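Here's a quick briefing on the model below. Have a look at the structure, then skim the notes by topic.

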Amino acid sequence: MYNGLLHLHSLLRWVIFILLIIAIIKHYKGMTTKSGYSAGDRKVDLFLMISAHVTLLVGLYQWFAGPWGLKLIQDKGFSEVMKNSTERFFAVEHMVGMIVAIILITVGRSAGKPSNAGGAQHRKAFMMFLIALIILLVAVPWPFRENLGRGWFPGM
């Protein structure tokens with residue numbers, strides 16, 4: 001079960017990245033043209049938030065039940081985990097970075113909730129999503145990261 005959820009978690013990152021880039025482009029256009037929110041803007045934001053929250057739930061399960069989170073901290077002790085960059089990344093940095101990014105995605109999505117949302121709300125969503133994207137890019141265990149890398153796609 002753990003491996004299946006790890007694959008799902010890895011797959012959902014691509015859904016989040018694609019939706020996040022689409023949302024950033026849509027909100028940049030809305031911000032520069034000072035247009036109101038469209039139904040499409042709200043749908044992309046909603047699907048982005050849902051994808052991020054589902055990924056968070058899967059990730060939290062992995063952190064509590066898997067070998068790289070709570071179990072690692074309990075077995076080695078927090079101070080020992082913090083001394084090892086790979087263990088620290090998976091036990092602390094990845095989780096904290098992703099939670100912050102998901103909070104930003106949720107706040108960005110809430111910008112478009114008022115029925116009269118316009119240019120200012122597009123700007124808020126754009127900024128929240130852009131900062132979330134930067135955090136996600138830093139906190140993902142990309143294949144090229146030494147001692148951290150996972151495959152580009154699930155199972156690779």
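Glu80 and Lys83 form a salt bridge, with their closest N and O atoms 3.2 Å apart. The term covers a side-chain nitrogen of Lys or Arg within 4 Å of a carboxyl oxygen of Asp or Glu. Keep in mind that this is a predicted model, where local features need pLDDT of at least 70, side-chain atom pairs count only at pLDDT 80 or more, and totals for chains, interfaces and linings use all residues. Residues are numbered from 1 along each chain as its sequence is written, and side-chain values use heavy atoms, with hydrogens and water left out.

**Overall layout**

- The protein has 6 helices and 0 strands, where helices (H or I, at least four residues) and strands (E, at least two) are DSSP runs numbered from the N terminus.
- Going along the sequence, you get the pattern α-α-α-α-α-α.
- Taken along the principal axes, the C-alpha atoms fill a box of roughly 55 × 30 × 25 Å.
- Of the 156 residues in the protein, 43% are buried; buried means under 20% relative accessible area, exposed means over 50%, and partly exposed is in between (1.4 Å probe, protein chains only).

**Salt bridges**

- Side chains of opposite charge can pair when their charged atoms come close.
- The count comes to 5 salt bridges.
- Back to the opening pair: Glu80 and Lys83 both sit in helix 4 (residues 78-83), 3 residues apart, or about one turn of the helix.
- Glu80 is partly exposed at 40% relative accessibility, whereas Lys83 is exposed at 62%.
- Asp75 and Lys71 also meet in a salt bridge, at 3.2 Å from N to O.
- That pair is 4 residues apart in helix 3 (residues 70-76), so Asp75 and Lys71 are separated by about one helical turn.
- Asp75 is exposed, with a relative accessible area of 56%, and Lys71 is partly exposed at 43%.
- Then there's the salt bridge between Asp41 and Lys26, at 3.3 Å from N to O.
- This one links distant parts of the chain, with Asp41 in helix 2 and Lys26 in helix 1, 15 residues apart.
- Asp41 counts as buried at 7% relative accessibility, while Lys26 is partly exposed at 27%.

**Aromatic pairs**

- There are 8 aromatic pairs, and the rule is that rings of Phe, Tyr and Trp (its six-membered ring) pair if their centres lie within 6.5 Å, with planes under 30 degrees apart counted as stacked, over 60 as edge-to-face and the rest as tilted.
- One of them joins Trp14 and Phe17, which are tilted at 50 degrees between the planes and 6.2 Å centre to centre.
- Trp14 and Phe17 are 3 residues apart in helix 1 (residues 2-33), so about one helical turn separates them.
- Trp14 is partly exposed at 21% relative accessibility, but Phe17 is buried at 8%.
- Phe17 also pairs with Trp142: the ring centres are 5.5 Å apart and the planes are at 35 degrees, so this pair is tilted.
- Phe17 lies in helix 1 and Trp142 in the segment after helix 6 (119-139), so the pair ties together parts that are 125 residues apart in sequence.
- Trp142 is buried, with a relative accessible area of 7%.
- Trp14, Phe17, Trp142 and Phe144 form one aromatic cluster.

**Nonpolar surface patch**

- Phe47, Ile50 and Val54 form a nonpolar patch on the surface, with about 260 Å² of accessible area together.
- Patches are made of residues with over 30% relative accessible area and no salt bridge, where like charges are joined within 9 Å and nonpolar side chains (Val, Leu, Ile, Met, Phe, Trp, Tyr) within 5 Å.
- The areas come from the Shrake-Rupley method with a 1.4 Å probe, and for residues only the protein chains shown count as cover.
- Val54 is in helix 2 (residues 39-65) and is partly exposed at 35% relative accessibility.

**Cavity**

- Searching the whole structure turns up 1 cavity of 30 Å³ or more; on a 1 Å grid over the protein atoms alone, a cavity is a set of points where a 1.4 Å probe fits but cannot get out, and lining residues have an atom within 4 Å of a point.
- The largest cavity has a volume of about 510 Å³, a volume being the space filled by probe spheres set on the points, with grid points joined across faces, edges and corners.
- Of the 27 residues that line the largest cavity, His9, Gly59, Gln62, His94 and Met98 are the closest to its centre.
- Helix 1, helix 2 and helix 5 (85-110) are the elements that give two or more residues to the lining of the largest cavity.

Key. On a 1 Å grid over the protein atoms alone, a cavity is a set of points where a 1.4 Å probe fits but cannot get out, and a pocket is an open set with protein on both sides within 12 Å along at least five of seven lines; lining residues have an atom within 4 Å of a point.
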